[in-house]
Structures are given as C-alpha cells and as structure tokens.
Amino acid sequence: MQPAIGYLRVSTQEQGRSGLGLAAQRHDIETFGAREGLSVKAWHQDVQTGAGADALLLRPGLAAALKAAKSTRCPLIVSRLDRLSRNLHFITGLMEHNVHFIVAALGRDCDEFTLHIYASLAEQERKMISERIKAAKAVAKRKGQKFGLALRTKAERRRVVALGIAASEKAAMERAEAYRLHIEWALRQPGVNGRPISFCAAARKLNERNIESPMGGIWQGSQLQRMAPRLGLNHPKGTLSSEAARAQVQAIWKKYSELTGRQVIASLGLKHLLGIYRARQLLMECRLAAARRSPVHKKVGWWLDYRTAERIRISAICKRHPEYTAKQVLKILGPKHWVRLRWLNQVMNECLRALGTHSPKPRNGWTPQRRQRQSELIRQIRPWERSTGPRTPEGKGRAAKNGHGGS
C-alpha cells in the first residue's frame, strides 16, 4: 500500500477537547485510504481556525504535515477541503507549488477546476458563518447576554490580563535577545563630534547593512530605545527629550533672560546635546509666554529677542512709578541688567505712551532745576542763538547785522 500523511483540524477548543470532530475526520480518512490503497503513516492535527492566508504560521501541525509529505514524497490526505483551509489564496498557492494533497470527500482523481470551485465555496461559507455569528451575537447583546471575559469574575479578568502582559513582555524579550549582537554593534558606533551615537543614527546603521527588524521592516530609533533597556544596555541618549529640554531652558531663562541660543547650549553643557535650532525655539516659547502676560508688550508690539524680559520689567516699573527717571529705573534694574541710557529712554517713552501717561519732556534723568541752569548757561555763552537761531550762514549774517559776533 502507498504511504500517506493524514491531517486533521477543528476550529475551536471545545471541539478539540471533545475529540468528536477529530475522530470523525480520522475515520473518513482511514476508510478512504483502505478503499484507495493508501496507508496513513503519520497523523498531524491543529485546533485553529481555517481563515487567513498565513495558515503555516498559525497552524504548526499543517506545517509539519506538509514538511513530512515533502520529505517522504507521499500525498497529504484531508477529509474535506475546508479542513485544509477556507482561504482560496492559500489553496491555490499549494496547487501552484505542486503540493500533492488529496481530499477524501472529492476522490483521488479530482481535477484542479473542481478544487478551485470547492475552495471558493469554502471561503464563501466561512464568510457566511462569520456574518451569522456576528448577527446572532448582536441580538444576544441587545438582550443583555454576555460573552467571553464578561462572564468571568474581576479577579479572573485581572489574572488573564496579567498573563497577556507577561506573554507580551516575554515575546518582546525573546525578540530583543535574538538581535542582541546587532544592537550592541550599532550602539558602539561613534556619534557626531565624539558624542555617543543617537538611537536614530544607530537605526540607520542597521538599515544600511540591510538587517531587517524583528517584524520584517526597517529599524526605527524608538524601536532601539525600547529594546536597549530590555537587554540591559544603558546607552546615553543622543538628544535631550522635549520635556527635559523645555524644563532646562525655562530654568535658565528665569535666571538669565538675556542669554542667546548658543549661550544656553554652552551653559547646559555638551552632555545634554541640545541643538541650536531647538534652543532658539524653546527660548522663543519662554519669551512669547512672558509677552502674552504683559499688557504693555501687547500694546507696543515689541520684537521678541534677548531683551524681551528687560522690556517687560521696565514696563512694569513704569506702570507702578510713571514719575521715575531713566537713571532711577536703571538703578532698580541692578548691575546685571546693563543697558544703554538712550535705549532705556526709548523703551520708557514707548511704555508711557502705551500706558497713556506720556509727557512731552524726555525721560533722560534731568530735573527741572538742571534744565533751567542749562538754558541759562546757553544764553550766557551763545547769546546770538537767541536772536538769530542756529549757526548757519544766514544766521551769521543776521547776527552781524544785529551787532553780535558771528564767530
């Protein structure tokens, strides 16, 4: 008698535990083999759904049965075609690869055209079964019936969730261990300017060597960042995280608001690896937040630069004490706020105009008594300007006509 390999499959765990479906399939295959002169040398079985094109990954019994049939060069026997698969693409793939399988219900001499038709019917039947089950479950849910974990106690649900998390962590650890050598090599590569390599750059190194990720795609920096701690690799970060960088820049800006982006990077140190673009962007966020809290800044519309904090503080002083001069404001600012008196006068005048308390006299630190003494001194030294105006050729002529010295 010709040797053969038998394959059995049921869809649910209940069917697998009862053994009735498996026993019926085994009886059909044995009856068919005795009639056709075939002797089953090995049996393989699965308790898994027949849907999906990745049957070899989900059903180890089918993969072992096909491997045994190929090595022994004997046919694979199933009781019905839907026991092999309910996916048309998978069945046609077996036929295209010349896999010799026999369906006991269709006979030994069934042609490919008939197999295509029955495979299409099996796939359509699977879709109809799925639709019927979904409709029945929807009706039962509307009536208040529960399914699955909803029938279990809360303790049982927590136990199942914990088991699922543990299984996921175990699978992730196994995947990481399988790529340990590649990950360690990538993280040992030099970074920019002697710095530790970033996770994104390490991922690019692996992609350049055409090493596939555990899921068969390309490597990502976030993927390496998750896998390195699992492997116990305490690799320093190549860049500072957004939250940490924002907190560091805000702390520096509160102490030294006049710093520029490069000065912020220098104060943080190279270990933080903060780029100039991100430093300037975070500084701009701090200045913008302070400007939005200042009503005078909104009215005047100053530029956001390294002097934004000084302008806001000057505007607050002018709001509380509009009678202060520039020198008094400069004294309040302190020695760490080194600004020119002319620039301070300009800012104070803009603040006073925005506050509605602007006066025509300049805020240059002169008292009324000093202005009077200065005007008297000018009249004594240059009396011709009082009658003739500025020193121009026309003014000199008018001064000589009036008896004043034109020199």
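The model is predicted, so local features are reported only at pLDDT of at least 70 and side-chain atom pairs only at pLDDT 80 or more, whereas totals for chains, interfaces and linings use all residues. Residues are numbered from 1 along each chain as its sequence is written, and side-chain values rest on heavy atoms, with hydrogens and water left out.

## The sheet

Helices (H or I, at least four residues) and strands (E, at least two) are DSSP runs, numbered from the N terminus. Four strands form an open sheet in the order β2-β1-β3-β4, with parallel pairing. Pairing here requires that DSSP finds at least two bridges between two strands. The edge strands, each pairing on one side only, are β2 (38-47) and β4 (101-103). From one strand to the next, the twist averages 30°.

Strand β1 (residues 2-10) is joined to strand β3 (residues 76-78) by two bridges, and these strands run parallel. Within β3, Leu-76 is the bridge partner of Ile-5, and Ile-77 is the bridge partner of Gly-6. With β2, β1 pairs in the parallel sense over nine bridges; Pro-3 stands opposite Ser-39 of β2. β1 is mostly covered, with seven of its nine residues buried. Buried means under 20% relative accessible area, exposed means over 50%, and partly exposed lies in between (1.4 Å probe, protein chains only).

Helix α4 (residues 60-72) lies across β1, β2 and β3 and runs at about 155° to β2. Axes are lines fitted to C-alpha atoms, for helices over the stretch in contact, and angles run from 0 to 180 degrees between N-to-C directions. The loop between α4 and β3 contains Arg-73. Although not a glycine, Arg-73 has a positive phi of about 55°.

## Nonpolar cores

A nonpolar core is a set of buried Ala, Val, Leu, Ile, Met, Phe, Trp, Tyr and Cys residues joined through side-chain atoms within 4.5 Å. The largest such core has 21 residues, and those with the most contacts inside it are Ile-5, Leu-62, Leu-76, Leu-81, Leu-84 and Phe-101. Two or more residues come from each of β1, α4, β3, α5 (81-84), α6 (88-96), β4 and α7 (112-142). The most is given by α4, with five residues. Leaving out residues up to four places away in sequence, Leu-81 touches Ile-91, Phe-101, Val-103, Leu-115, Tyr-118 and Ala-119; contact means heavy atoms within 4.5 Å.

A second, separate core of 17 residues includes Ala-202, Ile-211, Trp-219 and Leu-224. Ala-202 is also among the residues touched by Leu-187, together with Ile-197, Phe-199, Ala-228, Leu-233 and His-235, not counting residues up to four places away in sequence. Leu-187 belongs to helix α9 (residues 180-187). The C-alpha atoms of Leu-187 and Phe-199 are separated by 7.5 Å, although these residues are 12 residues apart along the chain.

Gln-223 is placed in helix α11 (residues 221-230). Apart from neighbours within four places in sequence, Gln-223 is in contact with Ser-213, Pro-214 and Ile-218. Asn-210 is found in the loop between α10 (199-208) and α11; this residue, not a glycine, has a positive phi of about 60°.

Helix α17 (residues 326-333) packs against helix α18 (residues 341-355) at an angle of about 105°, with axes 10 Å apart. The two helices are therefore roughly perpendicular, a class that covers 65 to 115 degrees; under 35 counts as roughly parallel, over 145 as roughly antiparallel and the rest as oblique. Ala-326, Lys-327, Val-329 and Leu-330 of α17 make the contact with Leu-341, Leu-344, Asn-345 and Met-348 of α18. These residues divide into six nonpolar, one polar and one charged. Ala, Val, Leu, Ile, Met, Phe, Trp, Tyr, Cys and Pro count as nonpolar, Asp, Glu, Lys and Arg as charged, and the others, Gly among them, as polar.

Met-348 is also touched by Cys-318, as are Cys-351, Leu-352 and Leu-355, not counting residues up to four places away in sequence. Cys-318 lies in helix α16 (residues 308-320). Between Cys-318 and Asn-349, 31 residues apart in sequence, the C-alpha to C-alpha distance is 9.4 Å.

## Accessibility of individual residues

| Residue | Relative accessibility | Class |
|---|---|---|
| Cys-318 | 3% | buried |
| Leu-187 | 11% | buried |
| Gln-223 | 15% | buried |
| Asn-210 | 68% | exposed |
| Arg-73 | 79% | exposed |
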